[in-house]
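I opened this notebook to keep track of what I looked up, entry by entry, in the structure shown here.

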Amino acid sequence: MTDITLAPIQPDQPSHLMATYGRQAISFVRGRGAYLYTEDGTEYLDALTGIAVCGLGHAHPVIAEAIAEQAATLVHTSNLFEIPWQTAAAQKLAEVSGMEEIFFSNSGAESNEGAIKIARKFGTQQGVRLPKIIVAEQSFHGRTLATLSATGNKKVQDGFAPLTNDFIRVPFGDVEAIQEAALQHPDIVAILIEPIQGEGGINTAPQGFSYLEEVRNICNQHNWLMMLDEIQTGNGRTGKYFAYQHTNIVPDVLTTAKGLGNGFPVGAVMTQGKAVGLLGPGSHGSTYGGTVLGSRVVYTVIDTIQKENAVENAAVVGRYIVDQLRTQLADKNVQVRGFGMMIGIQLPKDCAELVAIARDQHQLIINVTAGSVVRLLPPINMTQAQADDLLERLVALINNYL
Ligand SMILES: Cc1ncc(COP(=O)(O)O)c(C=O)c1O
């Protein structure tokens, strides 16, 4: 064990960190399952899980053991060599996703970069000189230059012109707008959407998941790639392994990250059908993508999700939380929406201050997105008792606030 002890951060301490985040003045030193602990031992219920990352909870013993054992054996060799854990992780991910080919990356944005490259390659092969991709309003796809250009949030793009020229934006859920775009832009080759918009406010399309089926039909009709960003909705979050599995369709390209590594930085871009084989030798790569350690983590996370029936648990316990919130907050002007452990509570007013109130008065970690939506992303393996604990804290919080 290391003998280095860090001094606590003082409020007026100068920092060398780029100020890209407005950080809360609290840090956690330990976690276990659905709970986080500060240095003085105060326990917080974590309904955010590092923004939909630690789906199996904090410090999961099986994953911790896999990381420790692999770290003490072999961390990285590079993709110049065979990596049996990477092959095994790809096999597992193919099983749960229904996809054929997998490229491992290190983050969500990087996975979406891979998808955008696949779409460009697909278009170029068909003689489209400047291929275009349809994306949605209020979407979030990341903060690299291509993915921030795809993102439907002006704040994310502000000051970073020139944006890339790939994208045509339509309202989320609006199928006619897609057909309209098809008439106006002969260079469209793909659509990239989130099945449920996470950062945008836990938005499902007005017609529900049948939107995905409608998009699939349009993609078939025009020979476009259907690309789903499941960075946030994937890995059991919505009560299916991937959210598109709430439907009968399969996308051509699927991206994920976040819950894939339960906190270890990994991502993936996956293809099937007509998207297979578009990225060949020399056309894409990543030094860290699919390291021995990262791949073992992916394998272990999927295996653990399966063994714990965590996806089924997310569906059942998530449904219970939504039903209870609807009942217990029935006299409040709120709308509760979401699937599995991806739940939004739309309040009638902006409520960013609730994050601090929840933390300081109820020892509850939540997030507020799109100004007025309390976003809950608890562990997908949360127990019924923990869900009751969450409900008690949350209902008290909102009752006091509204
Ligand atoms: C749907 C979606 N896509 C992409 C990203 C970007 O992921 P990362 O922050 O790992 O680059 C996020 C992150 O919040 C996301 O929610």
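Predicted model: local features only at pLDDT ≥ 70, side-chain atom pairs only at ≥ 80, totals over all residues.

**Entry 1**

Residues are numbered from 1 along each chain as its sequence is written, and side-chain values use heavy atoms, with hydrogens and water left out.

Two packed helices are described by the angle between their axes and the distance between the axes. For helix α3 (residues 84-97) and helix α9 (residues 292-307), I found that the axes come within 8 Å and cross at roughly 35°. Axes are lines fitted to C-alpha atoms, for helices over the stretch in contact, and angles run from 0 to 180 degrees between N-to-C directions. The helices (H or I, at least four residues) and strands (E, at least two) are DSSP runs, numbered from the N terminus.

**Entry 1: domains and cores**

Next I looked up the domain assignment, which gives domain 1 (30-59 + 309-401) and domain 2 (74-307); such bounds come from an automatic or database domain assignment. The C-alpha centres of domain 1 and domain 2 lie 27 Å apart, and 28 residues of domain 1 are in contact with 29 residues of domain 2.

I then turned to the largest nonpolar core, which has 93 residues, and those with the most contacts inside it are Ile 321, Leu 325, Ile 345, Ile 366 and Leu 394. A nonpolar core is a set of buried Ala, Val, Leu, Ile, Met, Phe, Trp, Tyr and Cys residues joined through side-chain atoms within 4.5 Å, and buried means under 20% relative accessible area, exposed over 50%, and partly exposed in between (1.4 Å probe, protein chains only). Helix α12 (residues 384-401) gives the largest share of this core, eight residues.

Looking at one of its residues, I listed the contacts of Ile 366, leaving out residues up to four places away in sequence, and found among them Ala 47, Leu 48, Leu 354, Val 374 and Leu 397. Another core, of 20 residues, lies apart from it, and Phe 122, Ala 190, Val 253 and Val 269 are among its residues.

Residues up to four places away in sequence aside, Thr 255 touches several residues, including Ser 111, Asn 112, Leu 228, Glu 230 and Ala 268.

Val 266 lies in the loop between β9 and β10 (267-271), and its relative accessibility of 7% makes it buried as well. I noted that Val 266 and Ser 107 are 159 residues apart in sequence, yet 5.5 Å apart in space, C-alpha to C-alpha.

**Entry 2: backbone details**

I found a cis peptide bond joining Ala 161 and Pro 162, with omega about 0°, and Pro 162 sits in the loop between α6 (154-157) and β6 (167-170).

Ala 52, in helix α1 (residues 49-52), has a phi near 65°, a positive value in a residue other than glycine, and at 3% relative accessibility Ala 52 counts as buried. Gln 138 has a positive phi of about 60° although it is not a glycine; Gln 138 lies in the loop between β5 (132-136) and α5 (145-150), and its relative accessible area of 44% makes it partly exposed.

Note on methods:
Contact = heavy atoms within 4.5 Å.
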